[in-house]
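Me: I would like a close look at one chain of this model. Keep it brisk, and give me the cut-offs as you go.

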Amino acid sequence: MSDRIIKTVDAPSGLEGQGFFAGKLDDFVGLARANSLWPLPFATSCCGIEFMATAGSHYDISRFGSERMSFSARQADILMVMGTIAKKMAPVLKQVYLQMAEPRWVLSVGACACSGGIFDTYSVLQGIDRIIPVDVYVPGCPPRPEQILDGFMQIQEIAKSEQRRRRESDEYKALLGSYGIE
Amino acid sequence: MAEIALVSNPYVGLVKTQKNKKYVNDLTTLNLCPTHPATHGIFQNILTMDGETIIDAEQTIGYIHRAFEKIAERRPFYQLTTLTDRMNYCSSPINNMGWHLTVEKLLGIEVPKRAQYIRVIMMELARIADHLICNSILAVDTGALTGFLYVMQWREHIYEIYEEMCGARLTTNMGRFGGMERDLSKEAIRKINILLDDFPKGLLEFESLVKRNRIFMDRTQNVGVISTERALNYGFTGPNLRATGVDYDVRAMNPYSSYEDFEFEVPVGTKGDTYDRFLVRGEEMWQSLSIIKQALQNLPEGAFHADAPHYYLPEKQQVYGNMEALIYHFKIIMGEIDAPVGEVYQSVEGGNGELGFYLVSDGGRTPYRLKYRRPSFIYYQAFPEMIVGTTLSDAIVTLSSLNVIAGELDA
Amino acid sequence: MSNEQIAQDLVAQFGEERIYGITENYGLLNVTTTTETIVPLMHYLYQHPTFKFQFLTDLAGIHFPQMPSHEFGVIYHLHSLENNVRLIVKLYVPREDIAVPTLTGLYACANWMEREAFDFYGITFTGHPKMERILNMEDMDYHPMRKEYPLEDATREDKIDALFGR
């Protein structure tokens, strides 16, 4: 037990004393958000199987805080879109995104979700950023679990360093407005 | 509310009585919609329910329609292998090999024995991977999460063997017309031997958790029953048909790629319920292990690809040094070699049943028409008939046991 | 039960005008028939005491724009599980009269297969319980697998066709 290296999350910068720790609220909120993201696995096709491998014990996404896969959009933090989104499915995806509560992040996994992938056809939506705003894109067909975890860690960086009032800012509202989301 | 089609339904009389009693408002419409966690893949079921009992079901599919057949008319033959991976993505090598067999039949290429044995090994590994997912997800739907986590470990071992063979984990694009792209390396043989030694213990562990478990048996016996006549009428093939008692297996009936050299049994069920489908898939995994062992022991020496310079890319060393190889390389990649005119139908035993490829070629570099006979599309039609009169939880378990894969359903 | 026997039996039963185009492709017998004969032919093959073609493996549509009288085709793949023999039956209709009788009375699996052929080619099957699109969106107004339509979506703006060689 003594020679095992156990990594813990770095504490944010602040003033430490006997029995107290003082720092910025944004840092603590970011720390809490980043290390407990509950994903909504919107798995449609092959990338969904790689997600199942990521959630398995070999690659284990739950050590990043995603122990509980929330299939209910209201209780999820991050929408992981994995797989091809056809035009028939696009309204369903948009509805699921609208049901999520702020703060929410979107991770687009796989070439099909990022840009349509190898399916440049009449029935496939050429990238989910046509309909919802995306935070991190993970390319690959399908991406290896390490890549999906890398994308997930980038979302963690975004969540940690995000300003608390970003979701109420005009810029964010303009971004949502450009997608037709109120 | 969507239109409801009442199809041969024992509850028709009940609805009429309820109408007379003005109880018609008590029927609920439940939308088991595309993003439900328990439907593995995106397809929609609209259920009309009376309390907990299902009276009618209607389905909408096409949520992942990617126009495979239209793409197939625009891409040269060798590029279509990547497309076939993405149909039944749990067992991609079987789809790849099926496509290669179809084109080899059209072109008249004969594949050497060693390549055929390697193909058999890869196809059986894919079958094990597919059945592992189906059985473990069936257990997850009844509440047993542990089996799934144990089983994903074994899928990682199979992925490593795929990586040795072709470089990719899931969508493999394995093999070429005329054989395989590389020989079975020593590392791959070592890994397959480790799998043959360790996997039986793992499979026994999974089965001991679930197979004779009181709760699992109560949840799955006599649930989702379909009779043999209705199954044949609906075009069932594969484990779903074998669970009703018909021993139709394409590997035994129309052997391809040297399957006639191997001794294996075709497991058959009796009642056609969910438990039988689970048992048939479990037993098929043991048979696949035995086939892999036989193939590895009797692996013949020889070339791993046919001598077909018009269709099989020459080695890179040769391309850089030899004029002929350079010309063949150019002609194959730029598509200047035309295929013969003809129509071919070839089917293989996929994880879900008979996966067929109907190829019509008009002599150009792309197919004129390529129709995939997709087993999931064909047997999913029978789902309403299997669940009418049962409860919602039975419907979920039945759906899991059918192993409907969305990529194959919609193509 | 060889392919010649089957072909001779069918021609003897239905006549040469209604069963024609008999070829053998890679070991598989192909026969072509007409829209009036298809349902009686299927019933005959189903109930035949020796042939027993009681399994419909597949149903495909096909489009030949260069042959106006035989423009749209429906191809049925039959399989006799007891004798291990396969058979392909083809049927052609012109664009003006693009209706084919349905097989849903005999084979339950023909239901969705015919809907798929309708969705892709516009071939209507008379007598089908629910002749609607199955894979594409309901409000799509053209039949995409016909040869005159392109693969790509013409309204997409993010892919520059010139760079893709189109």
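Predicted model: local features only at pLDDT ≥ 70, side-chain atom pairs only at ≥ 80, totals over all residues.

Take chain A: in what order do its elements run from the N terminus on?

Reply: The elements of chain A run β-β-α-β-α-β-α-β-α-β-α-α from the N terminus on. That makes six helices and six strands. Helices (H or I, at least four residues) and strands (E, at least two) are DSSP runs, numbered from the N terminus.

Some ground rules come before the details. Residues are numbered from 1 along each chain as its sequence is written, while chains are lettered from A and ligands numbered from 1 in the order in which they are written. The scores are ipTM 0.93 and pTM 0.91.

Now the overall form of chain A. Its C-alpha trace spans about 65 × 45 × 25 Å along its principal axes. Chain A has 182 residues, and 40% of them count as buried. Buried means 20 or more other C-beta atoms within 10 Å of the residue's own; 12 or fewer is exposed, in between is partly exposed, and C-beta atoms are placed from the backbone. Next, contacts: two residues are in contact if their C-beta atoms, placed from the backbone, lie within 7 Å. Consider those in chain A between residues at least 6 apart in sequence. Of these, 77% join residues at least 24 apart.

Strand 1 (residues 14–17) and strand 2 (residues 20–23) of chain A pair in the antiparallel sense, over four bridges. Pairing requires that DSSP finds at least two bridges between the strands. A:Gly17 stands opposite A:Phe20 in strand 2 of chain A. Two residues lie between the strands of this hairpin. In the turn, A:Gly19 has a positive phi of about 85°.

Then the core. A nonpolar core is a set of buried Ala, Val, Leu, Ile, Met, Phe, Trp, Tyr and Cys residues joined through C-beta atoms within 7 Å. The largest one here has 204 residues. A:Leu79, A:Val81 and A:Leu107 have the most contacts inside this core. Chain B takes part too: its helix 5 (residues 113–141) gives the most to the core, with 16 residues. Back in chain A, A:Leu79 touches A:Leu40, A:Phe42, A:Val96, A:Tyr97, A:Met100, A:Arg104 and A:Val106. That list leaves out residues up to four places away in sequence.

Finally, the interface. Here 27 residues of chain A are in contact with 26 residues of chain B. On the chain B side, helix 2 (68–72), helix 6 (146–166) and helix 18 (406–410) each supply at least two residues. Helix 6 of chain B gives the most to that side, with five residues. The side of chain B that touches chain A divides into 13 nonpolar, seven polar and six charged residues.

Note on methods: Nonpolar A, V, L, I, M, F, W, Y, C, P; charged D, E, K, R; others polar.
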